[in-house]
Amino acid sequence: MTDPLHTSMAALKDLIDHADGAVGFTGAGISTESGVPDFRSPDSPWMKNKPIPFDLFLKSEEARREAWRRKFTMDDLYRGARPSRGHLALASLVEAGRMPGIITQNIDGLHQASGVPTDQVIELHGNGTYATCLSCGIRYGLDWVRSRFEDAGDAPVCEACGGIVKSATISFGQAMPEAAMRKALKLTLSCDVFLVVGSSLVVYPAASLPLMAKENGARLVIINREPTPLDDAADLVIHAEIGQVLSEFAPH
């Protein structure tokens with residue numbers, strides 16, 4: 001009897017091989033193999049170091065100090081994380097011209113680290129590998145932020161304009177990046193296979209994209225260890241380890 005997982009993996013390969021354009025949509029699950037903790041697992045360190053809501057970050061110097069303390073605590077937990085087999089598989093599809101872009105909910109920069117060009121990664125929730133001034137937009141490295149935070153004990157301000165410096169992530173209560181959302185929507189409506197990898201599909205508006213692709217005629221594939229709210233709408237659902245499922249597409 002054929003192994004059900006291998007049957008599903010063969011069906012996935014067939015879909016990708018015959019696609020004119022497959023789009024990847026990734027969540028925290030693709031990075032757990034890299035050692036990056038996800039947000040919703042029991043005992044997740046994110047529960048002890050929850051991101052500070054955006055409005056509180058703006059209002060309170062104390063909240064900004066605490067936000068940076070939590071940020072650096074989490075960064076230290078997965079310092080040195082490297083792209084997983086899933087990242088490398090999707091990067092291989094992008095390099096081969098079979099995947100025009102990747103939409104991600106992740107902030108870890110691992111798609112870029114796997115070799116995907118920056119302009120082919122759409123980050124819906126920003127990027128946690130650098131910081132920006134909320135007033136003038138100047139970009140700062142985290143080493144610069146950390147040295148000033150640890151030396152003075154205060155949240156640093158912009159050297160150019162004195163504005164608030166924040167990690168370049170989208171915090172709870174912060175507006176979604178309009179340019180990224182427009183680009184994601186365009187990519188979603190141009191594909192004929194929409195490949196969800198490691199997303200729980202519960203965070204909106206990002207989680208609306210798979211259904212948009214499906215309603216536009218694309219085949220919807222969901223690869224995730226746990227069930228998602230959109231499993232019933234998908235053409236193919238695989239509940240298994242992402243690295244194993246995507247191993248066929250990874251460089252050998």
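Which residues have the most contacts inside the largest nonpolar core? In this predicted model, local features need pLDDT of at least 70 and side-chain atom pairs count only at pLDDT 80 or more, while totals for chains, interfaces and linings use all residues. Residues are numbered from 1 along each chain as its sequence is written, and side-chain values use heavy atoms, with hydrogens and water left out.

The residues in question are L12, L195, I223 and L246, and the core they belong to has 30 residues. A nonpolar core is here a set of buried Ala, Val, Leu, Ile, Met, Phe, Trp, Tyr and Cys residues joined through side-chain atoms within 4.5 Å; buried means under 20% relative accessible area, exposed over 50%, and partly exposed in between (1.4 Å probe, protein chains only). Two or more residues of this core come from each of helix 1 (4-17), helix 4 (85-95), strand 7 (193-197), strand 8 (219-223), strand 9 (236-238) and helix 9 (242-245). Helices (H or I, at least four residues) and strands (E, at least two) are DSSP runs, numbered from the N terminus. Leaving aside residues up to four places away in sequence, I223 touches L12, L195, V196, V197, G198, I238, I242, V245 and L246, where contact means heavy atoms within 4.5 Å. A second, separate core has 22 residues, among them I122, M181, L209 and L230.

After helix 6 comes G153, with a positive phi near 80°.

Most residues other than glycine have a negative phi, and most peptide bonds are trans. L201, in this loop, has a positive phi near 55°, and with a relative accessible area of 1% L201 is buried. P205 is in the loop too, and the peptide bond from Y204 to P205 is cis, with omega near 10°.

Open space comes next. A pocket is an open set of points on a 1 Å grid over the protein atoms alone, where a 1.4 Å probe fits, with protein on both sides within 12 Å along at least five of seven lines; lining residues have an atom within 4 Å of a point. The second largest pocket holds about 430 Å³ of space, a volume being the space filled by probe spheres set on the points. Its lining has 24 residues, and E123, G126, Y130, A168 and P177 are the closest to its centre. Strand 4 gives the largest share of this lining, six residues.

By the rule that a side-chain nitrogen of Lys or Arg lies within 4 Å of a carboxyl oxygen of Asp or Glu, the count comes to 17 salt bridges. One of them joins D17 to R98, with the closest N and O atoms 2.4 Å apart. This pair links distant parts of the chain, 81 residues apart: D17 is in helix 1, and R98 is in the loop between helix 4 and strand 2 (102-104). R69 and E66 are three residues apart, so about one helical turn separates them. A network of salt bridges also links E61, R64, R65 and D154.
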